[in-house]
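Welcome, and thanks for opening the viewer. Could you walk me through this structure, one selection at a time, and tell me what there is to see at each stop?

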Amino acid sequence: MTEKNIKECQKSLDFVLGWFAKPIFIDGDYPESMRSNLSSLLPEFSEAEKKYIKGTADFFALSFGATLSFQLLDSHMKFQQLESISLRQLLYWINSEYNNPQIFIVENSWFVSGTTKKDDAKYIYYLKKFIMETLKAIRYDRVNVFGYTVWSLLDGFEWHRGYSIRRGLFYVDFQSHDKKLMPKSSVLFYQKLIEKNGFPPLPENQPIEGIFPCGFAWGIVDNYIQVSLIIKPTGCPARSVHKFTVTYLLNRLSLPQCCKEMGTRLLSQCVCHSSPDLLCVTKANQSD
């Protein structure tokens, strides 16, 4: 990352968070990057006003998630900013920039497809990642986060996307007369998380180190489709047969020394004569 990139990143955060956070948590005035870019639009504060503004928050209230209006902004207004799920990095930056404030995450989630119903595994993935990032920020980065709130309890109307996305713990049937509610899988996940107050040191929650057993097969899969046209002999019904052959190429990688004599075990394998480093598994389907 270049010095220019760092300045652009700082500027984007100043315009999003620093606009409010710097006057309240630092010195009662707007960030310098805003002063230099919007000097004619921002009001000037007297020293008495700066003193009055500074320190007027009990805690830093953070809302973090996908801003659906972000794509509507002109590119020059984004300052090269990208949407990201890196909550831990943002918490660390707030902690460093604003003198270790108490942080309460008042809204946090990501969105999933509007077709998602009760089985919202993707939403659980996002939720678990955000909460783990928060715990890492507390444990490893010494960030003072004292609360977390999921956004949101129910699916709702989103200003830019309407009902085409969902991010509630409860599914809302918008087509039904009484707007029927159903708990999603994420409800049980979040309930158990609160009961345990996080992620207890259970075996399934622990990272694992080690090597795989000898003879374990490693590969990379790719595929291509070859289509050939076969014309049936005279006297047969006037139709053609397309033969589709899908060939999967598994790149044979180097095996550990202890496994070289065992080789790589594959079902229905043959060796490609054109490339001895590839193992081929071919499936053919014929239709008429």
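## A tour by selection

The structure holds 11 salt bridges, and we will visit some of them along the way. Please keep in mind that this is a predicted model.

**Stop 1: the whole chain.** Begin with everything selected. The secondary structure comes to 7 helices and 11 strands. Of the 288 residues, 32% count as buried. The accessible surface is about 19800 Å², and carbon and sulfur atoms account for 56% of that surface. Among contacts between residues at least 6 apart in sequence, 60% join residues at least 24 apart.

Now colour by confidence. The mean pLDDT of the protein is 79, with 71% of the residues at 70 or more. Select residues 248–255: pLDDT stays under 50 there, and the model has 34 contacts for this stretch beyond four places in sequence. Then select residues 259–288, where the pLDDT is also below 50 and the model shows 63 contacts beyond near neighbours in sequence.

**Stop 2: helix H1 and its charged pair.** Go to Glu8 and Lys11, which both lie in helix H1, 3 residues apart, or about one turn of the helix. Their side chains meet in a salt bridge, at 3.7 Å from N to O. Are these two residues buried or exposed? Glu8 is buried, and Lys11 is buried as well.

In general, side chains of opposite charge can pair when their charged atoms come close. For another such pair, select Lys22 and Asp27, which form a salt bridge with the closest N and O atoms 2.8 Å apart. Asp27 has a relative accessible area of 33%, so Asp27 is partly exposed.

Stop 3: Next, select Arg35 and Glu44. They form a salt bridge, and the closest N and O atoms are 3.6 Å apart. Glu44 counts as exposed because its relative accessible area is 62%, whereas Arg35 counts as buried because its relative accessible area is 11%.

**Stop 4: paired strands.** Select strand E1 (residues 60–65) and strand E2 (residues 103–109), which pair in the parallel sense over 6 bridges. To see how they line up, find Phe60, which stands opposite Ile103 in E2. Then find Leu62, which stands opposite Ile105 in E2.

Now bring in strand E4 (residues 145–148). E2 and E4 run parallel and are joined by 3 bridges. Look again at Ile103, whose bridge partner in E4 is Val145.

**Stop 5: helix H5.** Select residues 87–97 for helix H5, whose buried residues are Leu87, Leu90, Leu91, Trp93, Ile94 and Asn95. What do these buried residues pack against? They pack against helix H1 (3–27), E1, E2, helix H6 (121–139) and E4. Step just past the end of H5 to Asn99, which takes a positive phi of about 60°.

**Stop 6: a buried lysine.** Move to Lys184, in the loop between strand E7 and helix H7 (185–196). Lys184 counts as buried because its relative accessibility is 3%. What surrounds Lys184, leaving aside its neighbours within four places in sequence? Lys184 is in contact with Lys117, Lys118, Asp120, Asp155, Arg166, Gly168, Leu169, Phe170 and Tyr171.

**Stop 7: a nonpolar patch.** Finish on the surface. Select Leu153, Leu154 and Leu181, which form a nonpolar patch with about 270 Å² of accessible area together. Leu181 lies in strand E7 (residues 181–183). Its relative accessibility is 45%, so Leu181 counts as partly exposed.

Methods: Residues are numbered from 1 along each chain as its sequence is written. This is a predicted model: local features need pLDDT of at least 70, side-chain atom pairs count only at pLDDT 80 or more; totals for chains, interfaces and linings use all residues. Side-chain values use heavy atoms; hydrogens and water are left out. pLDDT is the predictor's confidence in each residue, from 0 to 100. Contact means heavy atoms within 4.5 Å. Helices (H or I, at least four residues) and strands (E, at least two) are DSSP runs, numbered from the N terminus. Buried means under 20% relative accessible area, exposed over 50%, partly exposed in between (1.4 Å probe, protein chains only). Accessible areas come from the Shrake-Rupley method with a 1.4 Å probe; for residues, only the protein chains shown count as cover. Patches are made of residues with over 30% relative accessible area and no salt bridge: like charges are joined within 9 Å, nonpolar side chains (Val, Leu, Ile, Met, Phe, Trp, Tyr) within 5 Å. A salt bridge is a side-chain nitrogen of Lys or Arg within 4 Å of a carboxyl oxygen of Asp or Glu. Two strands pair if DSSP finds at least two bridges between them.
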